[in-house]
Amino acid sequence: MIKKDELYYPTEEFKKNAWVNDPKIYEEAGSDPVKFWEKLAKELFWFKPWKNGFLHKPPYFQWFAGGKINITSNIFERDWETRKDRTALIWEPEPVNEKPRIFTYTELLKEVCKCANYLKKMGVKKGDRVGIYLPMIPEAAVAMLACARIGAAHSVVFSAFSPDALRVRMQDTGAKVLITADGYYRGGKFIDLLKNAKDGIKETKIKKLAVVQRSGKTPWQEEKDFCKAAEMDSEDLQFILYTSGSTGKPKGCMHVCGGYTVQANWTGKWIFDFHKDDIFWCTSDLGWVTGHTYTIYSPLLNGITTLMFEGAPNFPAPDRWAQIIEKRGVTVFYTAPTAIRMFKSYGEDILKKYQFNKLRLLGSVGEPIDESAWLWYYNNVGKEKCPIVDTWWQTETGGILITSLPGMGPFKPAFTGLPFPGIKVEIKDGNLVILPPFAPGLLRGIYKNPKKYSETYWSQYGKKVYFTSDGAIIDKNGLIRIIGRVDDVIKVAGHRISTGEMEAAINGHQEISECAVIGILDEIKGEAPAVFAVYNGTRPAEEIKKEIISQIQKVIGPIALPKEVYLAADLPKTRSGKIMRRILKKLWAKEELGDLSTLANPESVDKIKKILYG
Ligand code: PRX
């Protein structure tokens, strides 16, 4: 890249070949965003055109209303002659000696049709919800696409979530079918997923399990018939994906067929600059929104090759990820700052033997990337030539909304950059908000919970302003820097975890009367949870701490495991009984506490100091 003062720009060569390289796009899009998105939408395949570009009945809105579309027709039927023999999916298993699996678009379509017909045979119909609890195997992609093919909304649950977490989500969706697998490999171990799935569907409406044999052949019945794509209304449900909010219960974000397809297609094309020979590796698991949009839908909509990796990027050796980039000729690599910090911690030496000649563009997502991780990524992976798109978005937004475009820049370490053309954002009192017409892919609701939808996103600045729950600042160039969440959500290794959800889990322990969870600094994961639990019994502290950890493991899963657990006799509270998490955070970070006179029990502070500092 070219550096001017504190800003970086793409090389002339990169710029010349990029889909977007003229800043006029911002003016064009900004002057009439609805017209702009309609122009982009027209390049997709619609069974029937829409009547209205954008309709707004705050806090609800619609895009492309009246249109009929199917996302899979835009993957498989659109442009078919040029893409049918291209590689759609490369799957790298974790065991090094196991054979990778590679699918052309034609082969993938066949698998999708077989699975779609199988689902139909199981009684799944358009409009039904289907649970997917699968590891990173090709069948996970096939299952998602098969649901989309027949117009059923998938709800993918991350395979490392516990049976309890699966149950809560499946109860909410009311799904009758769950697609799962007998197991998978992670860090060298074979994990028995089926046992968790069977556990997790107790007390749900799920009557049928479709089980993929990870260790053998897939169970899809030999069904030769081609499966036609269902014609979906623009505003029909494409999928529900659960995410954590401030309170204990996860929220089912609703994404719809038309707007999501348009945004997934165009953000990928312009932000990752997808060209026909690209091999894209987005390291996200399909259980997260990044996996939905950028491991699967966006690259496939653009007719390029997507790479899926089953295992951990540092197994069996710390440079496993680098080996894969080199071996597969990955051209665009998209990962989270946590992974970058982990790679960095192994030292530069292990990267000396890698040239990464094919790599031309890098991406970051999920949490703020600090300057030193950015520079390391830029120097050691991008070899000073690759632009870095630091992409800001959320489960709710469906696709990326803020990042500088690779063919133009400017890029600045720790800054996500400029809003995507047509996206209007503002920073009000330090809070990042999005203004009408928002984005075609923004969520349309929280499943079965309209009240929560209004309260969470549309109440802070009125019904016409989307509240992101992120704090942000803007620099003189208009580049945006995300500071972090302003609610009770923490980002642990890029995973979104609700401290409220963790507290609810811990409070399930019979002998814990109350507790507070805060995010503390972690060198690799960015943030990690720390638990302060009130215990006044006589059993050994170590035993209680272990039980707290296993309680979290049981209700949520291993991703939420705390870095520290402290037992206290009391927690600092206001007179109205609210636990002052802010004070705990400051105590942990050894920061100035300020005025404590509003506390009902100021003496608790000294006791916690003793626990923390000895
Ligand atoms: O706090 C922001 C952070 O991740 C949150 C959204 O998390 P989730 O719904 O799990 O989606 C993650 C992947 C899109 C945001 O509210 N976040 C996401 N991307 C960035 C980020 N923080 C800083 N920089 C980013 N690029």
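**Ground rules.** Residues are numbered from 1 along each chain as its sequence is written, and side-chain values use heavy atoms, with hydrogens and water left out. As this is a predicted model, local features need pLDDT of at least 70 and side-chain atom pairs count only at pLDDT 80 or more, while totals for chains, interfaces and linings use all residues.

**Entry 1: the ligand.** I looked up who sits around the ligand and found 16 residues, where being near takes a heavy atom within 4 Å. The closest are T391, T395, D470, K491 and R496. By class, I get five nonpolar, five polar and six charged residues in this shell. (Ala, Val, Leu, Ile, Met, Phe, Trp, Tyr, Cys and Pro count as nonpolar, Asp, Glu, Lys and Arg as charged, and the others, Gly among them, as polar.)

Next I checked N and O atoms, with pairs within 3.5 Å counting as polar contacts. The side chain of D470 has an N or O atom 2.5 Å from a ligand oxygen. The protein covers 96% of the 550 Å² of accessible area that the ligand has on its own (Shrake-Rupley method, 1.4 Å probe). Two elements give two or more residues to the shell: β21 (388-391) and β26 (480-485). Strands here are DSSP runs of E, at least two residues; helices are runs of H or I, at least four.

**Entry 2: the sheet with β21.** I followed β21 into an open sheet of seven strands, ordered β7-β6-β18-β17-β19-β20-β21, with mixed pairing. Two strands pair if DSSP finds at least two bridges between them. β7 (101-104) and β21 are the edges; each has a single partner strand, so one side of each has no neighbour in the sheet. Inside, β19 (332-335) and β20 (361-365) run parallel over four bridges, with T335 opposite S364.

Which strands does helix α6 lie across? Helix α6 (105-121) lies across β6 (87-92) and β7, at about 95° to β7. (Axes are lines fitted to C-alpha atoms, for helices over the stretch in contact, and angles run from 0 to 180 degrees between N-to-C directions; contact means heavy atoms within 4.5 Å.) Helix α7 (138-150) touches β6, β7 and β18 (305-309), at about 30° to β7.

**Entry 3: the sheet with β26.** I then found β26 in an open, antiparallel sheet of four strands, β22-β23-β25-β26. β22 (424-428) and β26 are its edges, each with a single partner strand, so one side of each lacks a neighbour in the sheet. β23 (431-435) and β25 (466-474) pair over three bridges, and I434 has Y466 as its bridge partner.

Methods:
A polar contact is a pair of N or O atoms within 3.5 Å; within protein, one must be able to donate a hydrogen and the other to accept it, and residues adjacent in sequence count only if both atoms are side-chain atoms.
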